[in-house]
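Please look over the sequence and the structure before reading on. The briefing below takes up its topics one by one.

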Amino acid sequence: MRHLLSTRDLSRADALAILDTAEQMAAVSQREVKKLPALRGRTVVNLFFEDSTRTRISFEAAAKRLSADVINFSAKGSSVSKGESLKDTAQTLEAIGADAVVIRHGSSGAPARLAGSGWINAAVLNAGDGTHEHPTQALLDAFTMRRHWAKLHGTASTGTDLTGMHVVIVGDVLHSRVARSDLWLLRTLGATVTLVAPPTLLPFGVESWPCEVSYDLDAALETGPDAVMMLRVQGERMQSAFFPSVREYSRRWGFDDVRLDRLDTLGLKDTILLHPGPMNRGLEISSRAADSPRATILEQVSNGVSVRMAALYLLLSGENTPAGTATLENSQ
Amino acid sequence: MNTQNPNAPAAAVTYLIRNASILGRDTADLLIRGGLITAVGPALDAPEDAKVIDAAGLIALPGMVDLHTHLREPGREDAETVETGTRAAALGGFTAVHAMANSNPVADTAGVVEQVHSLGRRSGWVDVRPVGAVTVGLEGEQLAELGAMADSRARVRVFSDDGKCVSDPVLMRRALEYVKAFDGVIAQHAQEPRLTEGAQMNEGDVSAVLGLAGWPAVAEESIIARDVLLAQHTGSRLHVCHVSTAGSVEIIRWAKERGVRVTAEVTPHHLLLTDELVRSYDPVYKVNPPLRTAADVEALRRGLADGTIDIVGTDHAPHPSEHKECEWAQAAMGMTGLETALSVVQHTMIDTGMMDWEGFARVTSVTPAVIGAVETQGRPLAAGEPANVILVNPSARRTVDPNKMASKGRNSPFAGLELPGLVQATFFAGHPTVLDAALNTPHPVSTEESAWIA
């Protein structure tokens, strides 16, 4: 694996190698000195064409904990806003000596283009591209779910997958790169997935995807999911007639207080609630739900650093990889 | 030279083509003199001054006529010029191309169409027939002066806002009615604009996974359905550009069964390529209408074979490299096609047994000339006819290399593919613009053209 572009083409062995390495990285983050020398002298560029403070600082923290040099390149106010092409930007970063480029871009496929065009030799990490994928988000979600699942079964996280787990993903699947990356990765790891959304916010041809599809959140909750992932919904979508009003959306597809209480009524005491952030409290998730013990939202944030450390480490550390990641290095 | 009839100039040299297979059937000799085919038959006597061309193993066809070419001049001479585009056309086996109206300025006045026409005459590689815009500036709001363009020296008969759809039903109706005055045709780019806002590729399984905004088949089909009903209501001629979906073929078949005066076109790329290629995110596969599914490709081939689709039009759309070396969403739509059209049609239609070479001549020459009302093109290979003839080697194979093309555009989606068929020679109005599969010289009348257009 030279790049991390999507979870769809990530094998089970590769995914497990990243998650297992992330467990080791998480242990580092528990220490007083949260730093490894692994990537000393290597340069990681955060190339962000879209604003995303959360993802950028997570990648920045991950790279710094591995002792890499970090350059933050925001397209706003840079040569890009003056019309510089992706090709020229990439070649500039190459000339500067970037070893890895973490790219966030509003256009689906921009990271794949960067990785496949021959403009650059650096490893490319997709930090979210358009409505395509957001693989490190999916990996941190899976990491969070795996810890929960392992704890429930009294086993260690490392080396296990999500076989038997049922995950419900709710919201704007059509425009969500998180939903796509989550679905492919959760399937690879053995979980079953139900997508819940208004019909207008499901991709064309979703019936051919390897999951159940439902328009009814309450019915989906009655099936007893082990995890519920709420997706961010942009209120402005209603201007394009995807749904009639924010309130109607919230009533039908929001995780509100009533639904939070229903989990108790249904006896689902171990069901966790995830959200990739940033949340619209009161729209897709109520404040009480977001702050409840079921919510793993802050856990997801800290796990994000571990997962991104693992991804950077595995992509950049060449032969000096820990045992068990040979498949990761040899694939592709 | 003959300024009274520049379509039949006195080309000085006599050519005798020996042993060509006429339309892929019987072998005969063709004698070309003075811009005309003067004799066709077995073992013709060679006049003393004749240049003899051995065409054993080659197929003689009428020069191809493209109803859909973007020559980019005036305005985007970095992408293509009339000169480079018509060189590409000659190499591809064309003797006439229709230059689409979306230049800058738009070809929406007699002045612009006459300019393009003159540039074509001066270049001398093929017959350049300007297409006039239907609406001023392609804006879809006000009819352009269609009559002035029809009456101009360019004698425009095909009108199109190609690149944009004439989506206003009233405007489309009026345009269809108005061009009846000079037997014009409206060539519609069928794309419902609201259903395709921000569209990036075919809406289907692939777009769902790639997260690219979809261009649904219904956006094409709903406009075609409306337009064939309008054409029926007005009794006018409608031409549907670049049909790309199986559903569109069905609607056109339905319309033809009812006697609607509709003709339809398919591009070579829609006969061969599918949206699976978009998985690479390589914008060389970005085109409008988008590449569709394998089922659509199959329906288009069947439609072309059974006559539901009348012609092949290249939609040759060259772009400078910086418009393709970028993110998918930022990239320009379009692909080159002039220099690969014959090969792709041979590969998809003839080598599959769906069509013979006579059918090839019908869809690439005879019918497009009829639709475009180009009297001197698409004619039978017979004595007394204009000598627009190509010689094709059907057994040659080549690997497509855009860097070797005459077009300025390097955006060929067929790059690296091995395809059959090679245009060995192109005779345009009796003059070989292509010999030995390489550019020869432009038609000699073109050197004198500048004198009388100055």
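Which residues in α4(B) meet which residues in α6(B)? P169(B), M172(B), R173(B), L176(B) and E177(B) in α4(B) meet R226(B), D227(B), L230(B), A231(B) and T234(B) in α6(B), contact being counted when C-beta atoms, placed from the backbone, lie within 7 Å. This is a predicted model, in which local features need pLDDT of at least 70, side-chain atom pairs count only at pLDDT 80 or more, and totals for chains, interfaces and linings use all residues. Residues are numbered from 1 along each chain as its sequence is written, while chains are lettered from A and ligands numbered from 1 in the order in which they are written.

**Helices α4 and α6 of chain B**
- By class, the contact of α4(B) with α6(B) has five nonpolar, one polar and four charged residues.
- The axes of α4(B) (residues 169–178) and α6(B) (residues 217–234), as lines fitted to C-alpha atoms over the stretch in contact with angles running from 0 to 180 degrees between N-to-C directions, come within 10 Å and cross at roughly 45°.

**Helix α1 of chain B**
- Helix α1(B), residues 82–91, is mostly covered, with 10 of its 10 residues buried, that is, with 20 or more other C-beta atoms within 10 Å of their own.
- Just after α1(B), G93(B) takes a positive phi of about 100°.

**Helices α1 and α11 of chain A**
- The axes of α1(A) (residues 12–30) and α11(A) (residues 297–316) come within 7 Å and cross at roughly 120°.
- By class, the contact of α1(A) with α11(A) has 12 nonpolar, three polar and no charged residues.

Methods
Helix = DSSP H or I, 4+ residues; strand = E, 2+ residues; numbered from the N terminus. Contact = placed C-beta atoms within 7 Å. Nonpolar A, V, L, I, M, F, W, Y, C, P; charged D, E, K, R; others polar. Buried ≥ 20, exposed ≤ 12 C-beta atoms within 10 Å, placed from the backbone.
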